[in-house]
Structure formats: structure tokens, C-alpha cells
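This report describes a protein structure for a reader who meets it here. It treats a pocket, the relation of the chains and a pair of helices in turn.

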There are 2 protein chains.
Amino acid sequence: MRPKLVLFGDSITEGSFEESGWGASLANHFTRRADVILRGYSGYTTRFALKIIEKTMEGIGGDEKSPVTAVTVFFGANDAALPDRRHGLLHVPLAEYQKNLKSIYAYFKKIWPSAVVIFITPPPVDDEARIRLLPEDDTSGLPERTNEAAGEFAKACIAVAKECGSPVIDIWSKMQQVPDWEKSTLSDGLHLAALGNKVLFEEVLRELKAVGLSDETFPADAPPVESLL
Amino acid sequence: MRPKLVLFGDSITEGSFEESGWGASLANHFTRRADVILRGYSGYTTRFALKIIEKTMEGIGGDEKSPVTAVTVFFGANDAALPDRRHGLLHVPLAEYQKNLKSIYAYFKKIWPSAVVIFITPPPVDDEARIRLLPEDDTSGLPERTNEAAGEFAKACIAVAKECGSPVIDIWSKMQQVPDWEKSTLSDGLHLAALGNKVLFEEVLRELKAVGLSDETFPADAPPVESLL
């Protein structure tokens with residue numbers, strides 16, 4: 001038996017196999033023990049996630065020999081784009097974000113009843129970096145995302161996780177505990193730098209372990225070479 | 001339909017999702033298009049690979065919705081360990097190495113008839129680094145692997161690939177074309193440094209493309225967010 005971990009989310013999941021990425025770190029950590037399956041969709045909100053969830057998950061399988069043991073659900077960074085700013089078309093109202101998260105949870109529990117669904121809140125936003133990185137055609141001087149809005153979505157995500165009885169990683173709070181978090185954990189005020197990836201990787205490991213999933217409980221799929229000599 | 005790429009090999013495959021790793025680079029390159037499945041076994045030779053191939057591949061599946069489209073077979077670095085040196089127990093005679101590679105090929109063609117099997121030769125060895133890194137209890141002053149032996153296994157691997165009508169990546173030759181290859185492409189005279197990983201990643205991409213598999217031919221599994229707005 002070789003379990004699967006599925007990573008479902010937006011660009012911060014899609015990019016998780018880039019240099020220092022938290023997804024690649026998970027795959028490396030669980031080498032010989034579990035498969036890490038990447039389902040990341042840049043720019044996607046919970047609203048769009050629901051449109052593609054059936055199609056993008058159907059080939060993953062998840063039978064007895066290779067059950068899906070855990071899924072991370074990591075949306076909100078785009079839902080929280082402010083409605084009256086340049087990425088306003090992405091905005092999803094807070095109540096719909098919560099409803100959508102519950103629908104995503106329900107879908108995973110339907111197709112993989114024994115899987116643990118781990119919610120991840122949106123990460124914090126460095127408002128100043130977002131202003132500094134505005135494109136030339138945006139003369140508003142206003143960030144399209146703010147840390148305050150991300151924080152509201154983070155709280156909403158935590159509430160949904162509690163309601164579902166699911167673990168949740170409050171990466172919005174965790175990352176802000178890192179010294180100089182705006183620059184040390186984020187690459188552009190929104191996406192994760194190497195240190196942000198490391199913080200998230202360790203939090204995912206911790207949550208997996210808390211629900212009984214670790215490199216001690218996943219047996220290796222083949223013996224160490226020393227035992228074959 | 002979302003294809004799978006399976007990476008089967010020894011420690012240079014097992015470590016391919018470490019920082020800068022060629023496996024993680026493939027997963028990142030084919031994000032939203034294909035799943036990269038890691039089956040790397042540190043210290044393994046072709047002889048040991050045959051003992052575990054059935055068990056380690058059985059959960060991968062490979063049905064119509066998620067066919068295995070390509071497999072890399074990357075063994076030889078341990079088979080080529082010299083018989084009379086400290087890793088001598090790993091040594092596999094050249095003729096058996098070839099026979100084993102053919103058996104691995106036959107197994108993959110049996111379970112996934114439409115998959116392309118891409119052979120990868122063992123990489124070059126920096127004899128001097130291997131001597132420098134001998135443990136204290138080995139006072140022989142002799143490397144346990146040599147570039148000459150690796151080259152013989154590389155030639156043998158190429159011959160098998162030709163016989164099978166399969167593509168082959170001669171990474172033993174390719175890496176030696178890089179300036180200062182001993183230090184620039186290898187981390188310890190045997191395993192790949194960041195540049196060695198990059199060379200291999202690009203060679204795998206090239207071979208996949210040569211058999212019609214690229215990010216142009218694998219369709220994305222979900223539309224770009226812009227088309228949903």
C-alpha cells in the first residue's frame with residue numbers, strides 16, 4: 001500500500017515544485033513512502049475550483065493499494081482580491097468563500113471518505129510590496145490585495161475547518177511570527193519565498209503527524225539496500 | 001486525460017526532488033499537464049530493482065484516464081561499483097546488467113504497453129573526489145567506483161536501448177562536455193549537483209519531446225483563469 005497526498009490550490013500550490021517549493025519538499029520527505037500529487041491552478045478562487053474539481057481529480061484514483069490519505073485545500077489568496085481594485089474580477093464574497101470551501105470538503109469526503117482534508121488559510125500580504133509592484137497602467141497607488149482582507153479570509157477558513165472537524169494551518173498567522181516576514185517569507189508580497197515555503201512545509205508535516213501520518217507510520221515500499229546484500 | 005511520467009532508478013532518482021532536483025523540475029514543468037511519479041531506491045542495482053519492480057509499480061495504475069506515458073530507467077551507478085572495492089557487494093557483472101535492463105524494459109512494456117521507456121546511462125564519476133571522500137576505515141587509497149567503469153556500463157546501457165528500440169540519454173557523455181564537470185555537475189564525485197540536475201532535466205525534456213511528449217502535446221487539465229473571468 002502506498003498512500004497519496006493531494007495538493008489542491010491556487011498559484012501557491014501550482015508553484016510548489018519550483019526551487020525550494022513546499023510541494024517538492026513533501027515529495028522528497030515521503031520518497032519511498034507516499035506520492036505527492038500536484039493540483040495547483042494559478043489565479044483560481046474557490047468559485048473556479050468547484051468548476052474543475054471533478055475533472056482534475058478523476059484520474060487520481062485512490063483504491064486500496066494507493067489510497068488518498070490526505071488532501072490540502074489552499075485557496076483564498078485570490079478570493080480575497082479586493083472587489084474595487086485591479087484584480088476585482090477574482091473577488092469572492094466571504095460568505096460564498098466559506099460555502100465553497102464546505103463544498104470542496106464535501107466533494108473530497110465523497111470521493112475519498114477516509115482522506116484527511118487539511119485546510120490552509122491564505123498567507124499574509126505585504127501591502128507595501130503590492131503597491132510597489134503595481135503595473136504602470138495602474139496609477140491608483142492602492143494594493144489589489146491587503147493583509148487585512150487576507151486575515152478576514154484566514155479567519156473564515158479556520159471557522160469552516162472547525163465546522164468540518166478538519167485540521168487547519170493558519171499560515172496567515174504563522175508567517176507573521178517570522179522576523180521581517182514581509183521580506184523574508186514572501187517573494188512579491190503575495191507568493192512564498194524560500195523561507196515561507198519552509199514554514200509551510202513544516203506546518204503541513206506537523207498537521208499530517210498530528211493525524212497519525214508521518215514517515216514512521218507510512219512504511220517504505222521497498223527495503224533498504226543494506227538488507228538485500 | 002492526464003498522463004503520468006514514472007521515474008525509476010537509484011539514489012540519483014530518489015534524490016531528484018531535493019533542492020534543484022531534476023524530478024521536481026519535471027513536475028514543475030508539467031504542472032497542470034502530467035503527474036511525475038517518483039520510484040527511486042538509494043543503493044539499488046538492476047538486480048535489486050527486479051526484486052521490487054512488481055510491488056513498487058502496482059499502485060501506480062495507468063488506465064485510460066491517467067495512462068503512464070513515459071518511464072525513465074536510470075540504473076548503473078551502483079552496478080558499476082568495482083567488485084574488489086568497498087562497495088563490491090553491489091557490483092553486477094556487465095552482462096547481467098544488460099540482461100536486467102532488458103527485463104525491466106520487458107516488464108514496463110507488459111504493464112504499460114504504450115509507455116515510452118527512456119534509458120539513462122550512469123553519470124560520470126570523479127575518481128579523485130571518490131578517493132578524497134573515502135571513509136577513515138578504508139585505507140586502500142582506491143576509489144570504489146571509477147569513471148572508466150561507469151563508461152563501460154554507459155555503453156552497455158546504450159546498446160540495450162538500441163536493441164529495445166528505445167530512446168537513451170547518454171548522461172555519462174553529456175555531463176563530461178560541461179566545463180570543469182567533475183566539480184560543476186557532481187556534488188561528491190557520484191551524485192548530481194545543481195548543474196548536473198539541470199543538464200539531466202533538459203535531456204529528459206528533449207527526449208520526451210523527440211517522442212512527441214511536450215507541454216504542447218499534453219493539454220492542460222483546466223483552463224487559464226483569464227478564460228473564466
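## The largest pocket

Helix 9 of chain A contributes the most to the lining of the largest pocket, with 5 residues. Helices are DSSP runs (H or I, at least four residues), numbered from the N terminus. The model is predicted: local features need pLDDT of at least 70, side-chain atom pairs count only at pLDDT 80 or more, and totals for chains, interfaces and linings use all residues. Residues are numbered from 1 along each chain as its sequence is written, chains are lettered from A in the order in which they are written, and side-chain values use heavy atoms, with hydrogens and water left out.

The largest pocket holds about 370 Å³ of space. A pocket is an open set of points on a 1 Å grid over the protein atoms alone where a 1.4 Å probe fits, with protein on both sides within 12 Å along at least five of seven lines; lining residues have an atom within 4 Å of a point. Of its 26 lining residues, E18(A), E19(A), S20(A), E19(B) and S20(B) lie nearest the centre.

## Two chains

Chain B is superposed on chain A by a rotation of 180 degrees with 0.0 Å of shift along its axis (RMSD 0.0 Å), by least squares on the C-alpha atoms of residues with pLDDT of at least 70 in both. That is the relation of a two-fold axis.

## A helix pair

In chain A, the axes of helix 4 (residues 94-111) and helix 6 (residues 147-164) come within 10 Å and cross at roughly 40 degrees. Axes are lines fitted to C-alpha atoms over the stretch in contact (heavy atoms within 4.5 Å), with angles running from 0 to 180 degrees between N-to-C directions. Among the contact residues are L94(A) and Y97(A) of helix 4 of chain A and F153(A) of helix 6 of chain A.

Note on methods:
Helices (H or I, at least four residues) and strands (E, at least two) are DSSP runs, numbered from the N terminus. Grid points are joined across faces, edges and corners, and a volume is the space filled by probe spheres set on the points.
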